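The sequence and structure come first.

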Amino acid sequence: MAHSAISQVSIAAPIGSDISLRRSVVKRNSLSFRDKSWASTLSWDLKSQTALKSNQFIVRMSVQQASKSKVAVSPLELEDAKEPPLNIFKPKEPYTATIVSVERLVGPKAPGETCHIVIDHGGNVPYWEGQSYGVIPPGENPKKPGSPHNVRLYSIASTRYGDSFDGKTASLCVRRAVYYDPETGKEDPSKSGVCSNFLCNSKPGDKVQITGPSGKIMLLPEDNPNATHIMIATGTGVAPFRGYLRRMFMEDVSFKFGGLAWLFLGVANSDSLLYDDEFSKYLKDFPDHFRYDRALSREQKNKNGGKMYVQDKIEEYSDEVFKLLDEGAHIYFCGLKGMMPGIQETLKRVAEQRGENWDEKLSQLKKNKQWHVEVY
Ligand code: FAD
C-alpha cells in the first residue's frame, strides 16, 4: 500500500468540525482540498458554530504528492502501550468531559435519529479502538431517589486519536431511544430514553460525565497486519468499525494494515446509512483492502423477495465468507441484540448446505478467538 507523506501543511481548524462524516459537505466559506489525497474529503467549515473558541487546534496534515498518504496523528506515544486502558474513571468518580459537537448523521427519510457526538476528554480518558465509554446522564435515578442515573455504555466510533487526530476527543454514534405506544402507535416523550436523548440534545460546551473506557471483546487484533476482518453491523453497531477503519486507512500509525477489511452494514434505507461517505472513500482508495456491502431492509429485496437484512447480504457472499473464516479471518458483530438470531440461523443453514456442522465450526471459531460479538 502506498504510504508516503511528502510535505505537510498546518491548518487551524475548529475542534468539532469533523472532516469525514459530512452528508452535505460544507456549503459556504469552506476550505477544501481537491486533490486525490485524503484532503479531498477534508473540508473545514470556517464558520462552524460547533467550534469551542478555547479549543482551536492545529491539524497537521500530510498534503499528498503520491496517492493515499495518511493523516499525521499525535501523540504517537498512544501507540506504545502494550495493554489497553481499562476503567480509568469509575461510576463513583466519573470524568467531566465537554461536548464538542453533535451532528445528525441520517437523512430526512431515516426512521429515527442517529447523531455523531464528539466529546473532549482532554487526553485524560484514553481508549483503544473497539472500546466503549460509559455516560452518566444528569438527573436522578427514578429507581433510586437521591442517586445518579445508571451508566449507559456507548461504543466509541473514533480511533484513539479522535476525529481531530490529537488524542483529545472521542466520538460516539448515538441513536435516540424513543418509545411508541403499541396501541396508538404514537410517540410518548415521557418514556424517551434518558441518556441517548441527553446526548443527542446536548450542545457544544455542555458537560458530560463519562466512565471507562471499558471492553476488550471488540479490540482490533493487530498482531497480524495482513489479517482479514469481517465486520457485521446493524445501525449504531457500526461505531467500533468506523474506529477500526480510520486506523487502517486514514491515519499514519504504527499499525500498517495490508489485509482485508470487509464491512456489512444493515440499516433501514439509504437515508439511514452511517458514515457512508467515509466508507465509500476507502472503497475507492483501497479497493484491494476494503469491501463494503450495505443491506437496506426497506429498500432492497433478498433473493426470496423479502426484506434485505444483513444476514441476507452475508448469505450472498457465503462461499467467500466461509473460505475466509477457514483461513483465519476475524468476524465481528455489533448492534442490537435482535440481529444475532437471524444471522446465526443463516450461518447455520449455509454451513449445512456446505455439509459442515455449524456448532462445531462456531466453537472452533470461538476457540481460535476469531469470533467477536458485542450486541446490546
Ligand atoms: P433508557 O432511559 O435506559 O430507556 C431504555 C428504553 O426503554 C428506551 O427505548 C426507552 O424509550 C424505553 N422506555 C423508557 N421508559 C419506558 C416505559 N415506562 N415503558 C416502556 N419503555 C420505556 N447505543 C447507541 O445508540 N450507540 C452505541 O454505540 C451503543 N453502544 C453500546 C455498547 C454496549 C456495550 C452496550 C451494552 C450498549 C450500547 N448502546 C449503544 C445502548 C445504550 O447503552 C443505551 O442502552 C441506549 O442509548 C438507551 O439508553 P437511554 O438512557 O436512552 O434509554
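1. In which strand is Gly335 found? Gly335 belongs to strand β16, residues 330-335 (strands are DSSP runs of E with at least two residues, helices runs of H or I with at least four, numbered from the N terminus).

2. This is a predicted model, in which local features need pLDDT of at least 70, side-chain atom pairs count only at pLDDT 80 or more, and totals for chains, interfaces and linings use all residues. Residues are numbered from 1 along each chain as its sequence is written, and side-chain values use heavy atoms, with hydrogens and water left out.

3. Gly335 is buried, at a relative accessible area of 0% (buried means under 20%, with a 1.4 Å probe and protein chains only). Beyond residues up to four places away in sequence, Gly335 touches Thr234, Gly237, Glu374, Val375 and Tyr376 (contact means heavy atoms within 4.5 Å).

4. The loop between β12 (228-234) and α2 (239-249) holds Thr236. Thr236 is likewise buried, with a relative accessible area of 14%. Residues up to four places away in sequence aside, the partners of Thr236 are Thr114, Cys173, Val174, Arg175, Leu274 and Tyr376.

5. Glu79 sits in the loop between β5 (71-72) and β6 (95-104) and is buried, with a relative accessible area of 15%. The side chains of Glu79 and Tyr161 are joined by a polar contact of 2.5 Å (a pair of N or O atoms within 3.5 Å; within protein, one must be able to donate a hydrogen and the other to accept it, and residues adjacent in sequence count only if both atoms are side-chain atoms).

Conventions:
Buried means under 20% relative accessible area, exposed over 50%, partly exposed in between (1.4 Å probe, protein chains only).
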